[in-house]
Every structure is written in C-alpha cells, then in structure tokens.
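Colleague: I would like to learn how to read a structure like this one. Could we go through a few features in turn?

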Amino acid sequence: MQTKVHPVKMILRVVLYCLGLATVSLGIVLCKKSDLGISPISTIPYVLEQVVPLTFGQLTMVFHFLNTGAQLIMNREKKEIWKILMQLPVALGFAVVIDFFGAVISVDSPRILWQIMLLAASVPTVALGMILMIQMELFQNPPDGTVRLLSLRFGKELGTVKNIYDIICVLTSVALSLVLLGKVVGFGIATVVTAIGVGRCVRLFKGLGVWLHRIILE
C-alpha cells in the first residue's frame with residue numbers, strides 16, 4: 001500500500017517547490033541583468049524579445065509551452081500525460097515570476113565589477129532553485145522534461161542530452177539573431193559560465209537537497 005502523505009509535509013513540499021521556481025527565475029533575471037549574455041535555454045526567448053512585443057517572461061512561457069508540446073508528441077506510450085500537462089502552470093509561474101523580478105531589479109549601465117557580481121550570484125541561485133524543484137519531486141520544468149524524455153527515448157545519458165539540447169538552443173538563437181537583427185545577441189561569457197557552472201553548483205547543493213528530501217518525502 002502507498003503511504004499516505006502527511007498534509008503538513010505536502011504543503012511544505014509545494015512551498016519549497018514554488019520557492020525553487022522563484023529562485024531559478026531570480027537567477028535567470030540576475031544573469032540577464034548582467035548584460036554578459038544569457039543561459040543557453042534562455043537564448044531563444046532573449047533574442048525574440050528584441051523583435052516581438054512580448055516580455056522576456058512571456059516569451060519564456062511560450063518556449064516552455066513548445067517544449068511541453070514536443071513531449072506530448074514524443075510520448076508514444078501516453079503514460080503519465082497529466083504530469084506533462086502540469087508543466088503548463090509551471091511555465092506560467094516562470095513567466096510571472098521572471099517578469100516580476102525583471103521589473104523590480106534595476107541595473108542601469110552596470111560597470112564590469114557589477115556585471116561579474118550579478119553573473120556570479122546568478123549561477124548558485126539557479127542551482128539552488130533547481131535542487132529545490134528536483135528534490136520535491138512534483139513536476140519538471142518543460143525544458144528539463146524534454147531533455148529527460150529525449151534521454152529515455154534514445155537511450156543516451158542525461159548529461160549528454162542536456163549538453164546537446166543547450167547547444168541546439170544556442171545555435172538556434174544565433175541563427176535567429178543574425179536573420180532578425182543582423183548581429184548576434186544573447187550569447188556571451190554568461191552563456192558559457194552558466195552552462196558549466198550551474199551543474200557544478202548543483203553538485204555542491206546536492207547534500208542539502210537529499211536532506212530536505214529525507215525530511216519531507218520519506
């Protein structure tokens with residue numbers, strides 16, 4: 001028989017998951033405000049923001065919706081479709097929180113020191129949020145769900161698929177920016193730093209995640 005989850009623990013689980021979503025969103029905004037580039041999975045929304053009358057958060061939501069749609073198409077066995085569909089409100093949550101932080105955090109013409117500090121703060125912030133979302137075992141954010149499904153579909157290691165996915169996002173954004181703007185935008189040192197640094201910070205926070213998982217889910 002499945003053990004009944006204590007309601008207080010379930011509430012705490014949801015709260016920590018939402019906190020993780022907010023923390024990831026904050027980290028994305030800090031990276032964007034550094035003006036040194038943007039994380040790989042945010043490059044496409046970043047480029048489109050320059051030419052489409054939608055906010056960065058709204059375009060992130062559209063990008064996430066497309067990822068959810070791709071998962072529904074790839075999910076041949078039609079198992080746990082509800083978990084995929086529940087990524088839609090997660091995408092909406094990211095849109096709202098990203099635009100909120102984007103509005104309240106103001107950085108006017110930051111000097112290089114401030115830029116570096118913003119980037120340095122964004123990496124562990126995103127990693128901490130990811131740990132909270134992952135360890136609460138509720139719903140994945142759509143890009144991560146796509147990476148996971150591709151990994152299962154083709155039998156490839158998750159980290160390898162993640163790297164390929166990030167590269168495809170960056171190449172797509174570079175092509176879009178050249179076609180639409182005539183120059184490359186979004187790609188910069190922050191793109192490389194976040195691609196490498198977030199994964200390493202996730203490993204640093206892993207112990208905290210395991211501890212929270214043990215307390216709340218076991």
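Modeller: Let us begin with a charged pair. Lysine 162 and aspartate 166 form a salt bridge, with their closest N and O atoms 3.2 Å apart. Keep in mind that this is a predicted model.

Colleague: What is the general idea behind such a pair?

Modeller: Side chains of opposite charge can pair when their charged atoms come close. In this case the cut-off is 4 Å between a side-chain nitrogen of Lys or Arg and a carboxyl oxygen of Asp or Glu.

Colleague: How many residues apart are lysine 162 and aspartate 166 in helix 8?

Modeller: They are four residues apart in helix 8, which covers residues 158–181, so about one helical turn separates them. Lysine 162 is partly exposed, at 26% relative accessibility, whereas aspartate 166 is buried, at 11%.

Colleague: How many salt bridges does the structure hold?

Modeller: There are two. The other case joins the side chains of lysine 32 and glutamate 49, at 3.5 Å from N to O. Lysine 32 belongs to helix 1 (residues 7–33) and glutamate 49 to helix 2 (residues 43–49), so this pair ties together parts that are 17 residues apart in sequence. Lysine 32 has 25% relative accessibility and counts as partly exposed; glutamate 49, at 26%, also counts as partly exposed.

Colleague: Next, helix length. How far does helix 1 reach from its first C-alpha to its last?

Modeller: The general approach is to take 1.5 Å times one less than the number of residues as the expected span. Helix 1 has 27 residues and reaches 39 Å, close to the 39 Å expected. The 19 residues of helix 3 (residues 56–74) should span 27 Å, and the C-alpha atoms at its ends are 27 Å apart, which agrees.

Colleague: What does helix 3 pack against?

Modeller: Start with its buried residues, among them Phe56, Leu59, Met61, Phe63, His64 and Met74. The buried residues of helix 3 pack against helix 1, helix 2, helix 4 (81–85), helix 5 (87–104), helix 7 (142–154) and helix 8.

Colleague: How do I read two helices that meet, and at what angle do the axes of helix 1 and helix 10 cross?

Modeller: Look at the distance between the axes and at the crossing angle. For helix 1 and helix 10 (residues 206–217), the axes come within 9 Å and cross at roughly 150°. That makes helix 1 roughly antiparallel to helix 10, because angles over 145 degrees are counted that way. Helix 1 contributes Lys9, Leu12, Arg13 and Leu16 to the contact, and helix 10 contributes Leu212, Ile215, Ile216 and Leu217. Sorted by class, the contact of helix 1 with helix 10 has six nonpolar and two charged residues, and no polar ones.

Colleague: Where is aspartate 35?

Modeller: Aspartate 35 sits in the loop between helix 1 and helix 2. Just after helix 1, this residue takes a positive phi of about 60°.

Key:
Residues are numbered from 1 along each chain as its sequence is written. This is a predicted model: local features need pLDDT of at least 70, side-chain atom pairs count only at pLDDT 80 or more; totals for chains, interfaces and linings use all residues. Side-chain values use heavy atoms; hydrogens and water are left out. Buried means under 20% relative accessible area, exposed over 50%, partly exposed in between (1.4 Å probe, protein chains only). Contact means heavy atoms within 4.5 Å. Axes are lines fitted to C-alpha atoms, for helices over the stretch in contact, and angles run from 0 to 180 degrees between N-to-C directions. Angles under 35 degrees count as roughly parallel, over 145 as roughly antiparallel, 65 to 115 as roughly perpendicular and the rest as oblique. Ala, Val, Leu, Ile, Met, Phe, Trp, Tyr, Cys and Pro count as nonpolar, Asp, Glu, Lys and Arg as charged, and the others, Gly among them, as polar.
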